[in-house]
Amino acid sequence: MLRIGIDTGGTFTDLSVFDEADGRVCLTHKVPSQPRNPTAAIAAGLREVTARLSDKARYVLHGTTIGLNTLLEGREPAPGLLVTEGFRDVLELDRQWRGDQVYNLFFDRPRQLVPRHLIRPVRERVDSHGREVLPLDAEQARAGVKELLDAGVRSVAVSLLFSFANPDHEKRLRAILEELAPDCYVTLSSEVDPQFREFERTSTAVVNAFIGPRVSSYVGTIEAAIGELLEGARVLIMQSNGGVATPGVIARAPVQTLMSGPVAGVVGTQRLCREIGRENAISLDVGGTSCDMSVIPGELLTAPQSRVAGYAVRAATVDIETIGSGGGSIARVESGRILKVGPQSAGAVPGPACYGAGHEPTLTDALVVLGHLNREALLDGAMSIDATAGRNAIAETVGGPLEMTPERAAAGIVEVLAAQVAMSMRSVTIEKGYDPRDFILVAYGGAGPTVACPIARELEIPEICIPRDPGNFCAAGMLLTDLVRSYSLTRISALDETPESALREALEELRDRGVRELEEQGVTPDCIDAEYFLDMRYPGQSYEVTVPAGETRKEDLTRLFHEAHGRLFGHTAEEESMEIVNYRVRCIGRLPKMNFAAAPANNGPARPHGQRSALFPGSAAAMTAPVYRRTDLAPGFRVGGPAVIEEYTSTTVVYPSFDLSVDAYGNLRLHSTASAGP
């Protein structure tokens, strides 16, 4: 039986096919993305792939940025919001703290997703323990709902005070909404984020309501399209937490998919590094429109909440930094002589100038001019390249204003992009206490292997790993995922006063819920695991520290909390008591995994199939670089830079200050031979 991973990017839609019989990826394929109709690109790719397969697909796993793009674009109709009377301005008040914008006098907050005239107060109240203080005024609530519907609202978020402790009033409001508007998309805060702190919970519910109609429609369309093409195949959607879920689960809580696309590559990076014996890794995914990076100190780093496009979202996500730097990033000159690259992108349409339809210079055009990419065709000849068009676009837009040759302007584009990526990478390493020199850089995506060397050189990272089929690595990473459901529960209590039996009871309650949902999704009990966590703090603190709670003995929890607090904040207060705030459980339904199988040996030494002149940033003149086909390189192959390695999904550029070797798994390993310089 086969499994197919599909990653929809801004420029290409990537497909990887995994054969469960031998645990290997048996086919990779790419088709141009269609931003206005991503389902059409997926269907086209599946038709082309299945025509080359003799077996049936059992699962189709899909990573998508539809939710993130919907939030970033901000073009969807505003949802309505029902709140407890007296809390109409909870979104406007926010948390006041402006983070890294605290000293920006011109800081402008993102517009509210729900304007005030679409917020309706509801007369009701429960206390912090979930006890009803004031019954829900159903008639007043019904009148408020009718006003929202008359205003054209077709999606509503419900966020009542202390609903995490007692969701009954929210459920009654949903019943009213379903009665008055059966087609209305309804989000309950007690379901998408059943935790205390009303602002974060309300913001998460509103984001879910904003993206919900579009995402639920999308996953429904995807499921139907795949059902027509692959009879009997189950569709699973990638979540931000590193696992997958069924379309039905995603349709109810699409806020769980905001980082759906890039997270699969991080999961793949962690697994790959375990296979090659490296604990510390930095993932670098440079695609057509963006660059995603994550630091992996052995385990995946996750964040319980984040700000996405300026909006607070409390949903578990793998910690990823994203910037608008990719192969399609547009280069331009501003304020006279300042070269900028991105975040605007040429995307799939019209694409870089060298693709034949666009006219603005991009990173891809610069790489073609420098000789780093094939000047005639990419994707094993499937995509023709117009090198002259790329050169002319750079000459006109960048070279002319800066009084540079097109080649020097192209080198400047690469240097600026590498500096931008390195700056962001410092924020996920050095600023979090990690020295990038202790890590291996795993570069993938269509452009990642092409620009990995200058980025590693900026940060003095000594080693780079390029996996097989790097342009499809995110799609392949989905073949390493499991069904995952995350649950949380707020119950604030002093650790000393909470019996260990009560701790186990609360965690088991969440676990049982997860087991039931996974069984409903077709997972057998013997394939289900659970991970337990507690959010803890010293009394009076505003923020919590998450600690593993596999053991519920108080002395173990005390030790783990002090260790985690000291690691994060540099100090502990061991004489202080502790509070439990949230209970968390992560339920995992295990799926068969792809193996990183050993690469086959070659009969004879690999020889270059050609050579070309290439200019490298920092070099005084162009150099002659041998060009190899990656399929010709067997384990044990070595070559010193400069060199170019071409394959179907990407091109690896070995700079003069790096040596390349091929390991037992077929990965390209680049080692720096100099701390600085070309």
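Me: Which residues in α10 and α11 meet?

Reply: This is a predicted model, so keep that in mind throughout. α10 covers residues 363–370 and α11 covers residues 387–402. On the α10 side, the contact uses D365, A366, V368 and V369. They meet these residues of α11: A387, G390, R391 and I394.

Me: How do the residues of that contact divide into nonpolar, polar and charged?

Reply: The contact brings D365, A366, V368 and V369 of α10 against A387, G390, R391 and I394 of α11. The division is 5 nonpolar, 1 polar and 2 charged.

Me: At what angle do α10 and α11 pack?

Reply: Their axes are 9 Å apart. α10 passes α11 in a left-handed crossing. The packing angle is about 110°. An angle of 65 to 115 degrees counts as roughly perpendicular, and that makes α10, relative to α11, roughly perpendicular.

Me: Are α11 and α12 roughly parallel or roughly perpendicular?

Reply: α12 spans residues 406–428, and its axis is 9 Å from that of α11. The two helices pack at an angle of about 80°. The range for roughly perpendicular is 65 to 115 degrees. α11 and α12 are therefore roughly perpendicular.

Me: Which residues of α12 meet α11?

Reply: α11 contributes R391, I394, A395, V398 and G399. The residues of this contact divide into 7 nonpolar, 1 polar and 2 charged. The α12 residues are P406, E407, A409, A410 and I413.

Me: Which side chain does R214 join by a polar contact?

Reply: R214 sits in helix α7, residues 198–229. Leaving aside neighbours within four places in sequence, R214 is in contact with I66, T70, E73 and E76. Its side chain has a polar contact of 3.1 Å. The partner is the side chain of T70.

Me: Is H169 buried or exposed?

Reply: H169 is in helix α5, residues 168–180. Its contacts beyond four places in sequence include R125, V126, L134 and L160. Its side chain also makes a polar contact of 2.7 Å with the side chain of E124. Buried means under 20% relative accessible area. H169 has 4% relative accessibility, so it counts as buried.

Me: Which residues does G358 touch, beyond four places away in sequence?

Reply: G358 lies in the loop between β21 and α10. At 13% relative accessibility, G358 counts as buried. The residues it touches are P350, G351, P352 and A353.

Me: Which residue does a cis peptide bond join to P343?

Reply: P343 is placed in strand β21. Omega of the bond is about 0°. The residue joined to P343 is G342.

Me: What is phi of R197?

Reply: R197 is in the loop between α6 and α7. R197 is buried, with a relative accessible area of 17%. Its phi is positive, though the residue is other than glycine. The value is near 80°.

Me: And what is phi of E460?

Reply: E460 is in the loop between α13 and β25. It is partly exposed, with a relative accessible area of 43%. E460 is not a glycine, yet its phi is positive, at about 60°.

Key: Residues are numbered from 1 along each chain as its sequence is written. This is a predicted model: local features need pLDDT of at least 70, side-chain atom pairs count only at pLDDT 80 or more; totals for chains, interfaces and linings use all residues. Side-chain values use heavy atoms; hydrogens and water are left out. Axes are lines fitted to C-alpha atoms, for helices over the stretch in contact, and angles run from 0 to 180 degrees between N-to-C directions. Helices (H or I, at least four residues) and strands (E, at least two) are DSSP runs, numbered from the N terminus. Angles under 35 degrees count as roughly parallel, over 145 as roughly antiparallel, 65 to 115 as roughly perpendicular and the rest as oblique. A crossing is left-handed if the near helix is turned anticlockwise from the far one by less than a right angle, and right-handed if clockwise. Contact means heavy atoms within 4.5 Å. Ala, Val, Leu, Ile, Met, Phe, Trp, Tyr, Cys and Pro count as nonpolar, Asp, Glu, Lys and Arg as charged, and the others, Gly among them, as polar. A polar contact is a pair of N or O atoms within 3.5 Å; within protein, one must be able to donate a hydrogen and the other to accept it, and residues adjacent in sequence count only if both atoms are side-chain atoms. Buried means under 20% relative accessible area, exposed over 50%, partly exposed in between (1.4 Å probe, protein chains only).
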